[in-house]
Amino acid sequence: FIAFKYISNTTAAATWKIDEVNVSDGSLAVTKKFMNIGETSSSIPSAASSFQFTMTGAISNFTADVPTPFEISKDGVSYSTQLNYTSAIGGIAQTVYVRINPTVSDKVYRKEISFTLNGNTQAEKVLLLGTSLPDNKTLRVYNWNMRWFGDPSSCSCDTNLARINATQIMKDANADIYCLEEVVNNSQIALITSALGPKYNYIVSPFCSFATSPSSSSYSTGQKLAYIYNTDKIENIGTFGLLASTYPSDTSSNSAYYCFGSGRFPFVMKAKIKLTNGFSDTVIFSNIHAKANSDVTSYNRRQCGAIKMTDSMNALFPGKKIIVIGDYNDFLEGTDVTSLSVTPYKYMLDHGFEGITLPSVYLNQTTFVGSTNTIFDNVAVTPNVKAIYPDSSCFIFNEVEKYIPDYGNSTSDHIPVMSYYKFNFPTATKEVTASTRNSSFNLVNPSSNTLHIFLNESVRSELNLSVFDIAGNLIYKNKINTPSMQMQFELPFLHPGFYMVELNDGLQKSVKKWLVE
């Protein structure tokens, strides 16, 4: 029993309150609070990472637990989901080895190691990230508004500490490309890039609001866009400010200059993706920092910018893989403007782009510190990118608030977003006529952008539909849960030419040539 006694006097009695009393019979310290275990293929255990903990106090029993597919070990040889300890560990550092051993392919796993002392769950956790997406086939994309990065007066922070924290977070994310917003100090981005290692490079937009070139007086203090990228996987084959060439000939209230925050044009990178077996592909990144604020005028500027960006990207890069990423300053479903109800990005979503970071998918989550249901930092892609996006392989990296001290004040007011894309790069595509009833089909050939499929026999099991271009690049996929004898699929983003259409029932596949006129 524990008693609290209060003694007053006759002249100045005060009211006192006791709360948040913690009773503990031990103290736990861990050397790591977040671990990115990395990636591996399904049914192949990953390489192990390790951390240490020290437990002091009265110990009768102590356990470390982790959910599958993660596994932990005392010796790096024998793994399980629980480790048991006795009082012999008191005050002695213990090493724990951690790996991921998934049985399902193409998944992102976020779990935590928890600790129990004498039946009581401890507050300390070790947060874990791991995937069953093989590194040599996967592009890891990171999006983050860094809040006036490198500007001490505007961020109201210790910029050196913010840089140290940002470096730690980016190392933990282990992305292949970091798409960054609100970068002020270019030299601070250079320091982070150097800390990430020699394989990384960076580029910062040569423009920002009220500054159309680095020689402008407002450039050094303006919010810029930037990329940091892994040169082992990405070759930068060109960057430019989308629609920047329209300035200064057009500065009207409907100009790209005005709509994009007075010159904060989307920063486009043409990225050559270099992954397995010498194959490559091209992805166009459009990094945006849209006009802020929740008034109708700002909404209209976001909407205007989205329309101009969509038309321009579709005209410049027809049929290409495009990722529009960044701080949208609004939702992809609904809007932050109370008097309105439709997203300002509706035109973009109606003209060749699909949203990944939908509020309906990430219920009660946020990318803005201190809020709920506020997903401003978004990802939208063309259908040929959605085809290589493994289901549910995007997440809001809210672990940063748990393991970076005072994250919202010390580092940023935005939470990063991670998304993953798996490139298959088939080495060859040949026509096969399978004998099983599930695989045999015919096409309307030639046709326009509507793919008409006719099954030769009724099918009850699900089918996987894939469309490849003539170079063997996967440009569209669809899981057909209830196949019918006649099916059609609209693929408006395809250009005239030859394509290969594959139906796969999980056992055998059939591939047919398709000519798009």
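Modeller: Glu-235 forms a salt bridge with Lys-272, and their closest N and O atoms are 4.0 Å apart (a salt bridge is a side-chain nitrogen of Lys or Arg within 4 Å of a carboxyl oxygen of Asp or Glu). This pair links distant parts of the chain, with Glu-235 in strand E14 and Lys-272 in strand E15, 37 residues apart (strands, E, at least two residues, and helices, H or I, at least four, are DSSP runs numbered from the N terminus). Glu-235 is partly exposed at 34% relative accessibility, and Lys-272 is partly exposed at 30% (buried means under 20% relative accessible area, exposed over 50%, partly exposed in between, with a 1.4 Å probe and protein chains only).

Please keep in mind that this is a predicted model: local features need pLDDT of at least 70, side-chain atom pairs count only at pLDDT 80 or more, and totals for chains, interfaces and linings use all residues. Residues are numbered from 1 along each chain as its sequence is written, and side-chain values use heavy atoms, leaving out hydrogens and water.

Next, Lys-233 and Asp-176 meet through their side chains in a salt bridge of 3.2 Å, N to O. Lys-233 sits in the loop between strands E13 and E14, and Asp-176 in the loop between helix H2 and strand E11, 57 residues apart. Lys-233 is buried at 7% relative accessible area, and Asp-176 is buried at 0%. Salt bridges with shared partners join Lys-233 and Asp-176 with Glu-39, Asp-135 and Arg-140 into one network. The structure holds 15 salt bridges.
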